[in-house]
Amino acid sequence: MKNKYMFTAVMLCAILLVGMGFTSLYVRQTAGETKNHDLTVVTSFYPMYIAVMNVIDDAEHVKLKNLSEPQTGCLHDFQLTPEDMKLLSTADVFIINGGGIENFMEEVAKTYPNLTIIEACKNTSLLAEDIYENGHEKDEHAGEAHEEGHVHEDTDVNAHAWMSVSAYESQVQTIAEGLSQADPKHREKYETSAGEYLEKLDKLKARQEQIREEAAGQSVILFHEAYAYVAEDYGLPVSYVMDLDEERKVSAGEVASVLSAIKNNQTKIILAEERYGKSMGDTVSAESDAKVLYLSPLNRGEYEKDSYIDGMEKNMEILEEAFHAQNH
């Protein structure tokens, strides 16, 4: 009987030791997985996600998430959900465009006071929200960054900075600097990856210069405020702006004003987003000789590292073809 009890005791000890071994192994594996993602970065929307993808590159210690879906577009009317707040509660760093696009930042900062927030536009000169009103130019750089890097709070700005290659480069640099400060141990990685991405973007700028020469300062009309940065990059005077979105109702008087701007300024090119500008584009095309170019605002797409470059190159192809046709 004693032998039986002894055998049972030995078996229980063996089971206990084996269980402790598996538990220890599980803890080590779990700890290893946590260590592999010791920095959680959340971006506000698509353009920021693509920029950060390139800055972190293949850094395995970073877990990257996007707050909004890749097809959301700009965040002007975006409302945070409980799921969004839950995601932000897991973040170490939240990277935003800034300039007022993320209108929910007051709530986020109040709820998560210890969250590191990187504003990509911090060191970027932003255009005024409506630099052209009824054909009259206003202060073009009303939102210019001041010495601390933040735009003037009392100024309405056009924050679609990623539509300018030069401004986007500034955003990429700001993101790399911000991540280096938040995660100094991997500073070299961020700086190297950002540098490689900036080299690719510089090639876009070289192509832009060729298109700028072909455009020769032709007047344009904009059906999306994001394209003010396109006009700026290519040296195109803007004669009229009509910012179209899903809720915009265009009056007959506004149509007449656009047609008048085309005639008075001899405008041959209109820049529009097809998603919201097609109806107005068709109207203008039927009533004038102006050509409507449907460009991508690059605010939605696939989660691929070269998505921004690919999208910008497609826009360039459209501009090249149009301006070449104007000159030949």
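These legends go with a few close-up views of a predicted model.

Local features here need pLDDT of at least 70 and side-chain atom pairs pLDDT 80 or more, while totals for chains, interfaces and linings use all residues. Residues are numbered from 1 along each chain as its sequence is written, and side-chain values use heavy atoms, with hydrogens and water left out.

**View 1. H224 sits in a loop between β9 and α7.** The loop runs between strand β9 (220-222) and helix α7 (228-234); helices (H or I, at least four residues) and strands (E, at least two) are DSSP runs, numbered from the N terminus. H224 is buried, at 8% relative accessible area; buried means under 20% with a 1.4 Å probe, protein chains only.

**View 2. H224 and its contacts.** Setting aside neighbours within four places in sequence, H224 is in contact (heavy atoms within 4.5 Å) with H160, M242, D243, L271, E273 and P297. With E273, the side chain of H224 also makes a polar contact of 3.5 Å, that is, a pair of N or O atoms within 3.5 Å, one able to donate a hydrogen and the other to accept it.

**View 3. The largest cavity and its lining.** A cavity is a set of points on a 1 Å grid over the protein atoms alone where a 1.4 Å probe fits but cannot get out, and lining residues have an atom within 4 Å of a point. This one has a volume of about 50 Å³, the space filled by probe spheres set on the points. Helix α10 (307-327) gives the largest share of the lining, four residues. Among the lining residues are M163, Q208, V230 and M312.

Methods:
Buried means under 20% relative accessible area, exposed over 50%, partly exposed in between (1.4 Å probe, protein chains only). On a 1 Å grid over the protein atoms alone, a cavity is a set of points where a 1.4 Å probe fits but cannot get out, and a pocket is an open set with protein on both sides within 12 Å along at least five of seven lines; lining residues have an atom within 4 Å of a point.
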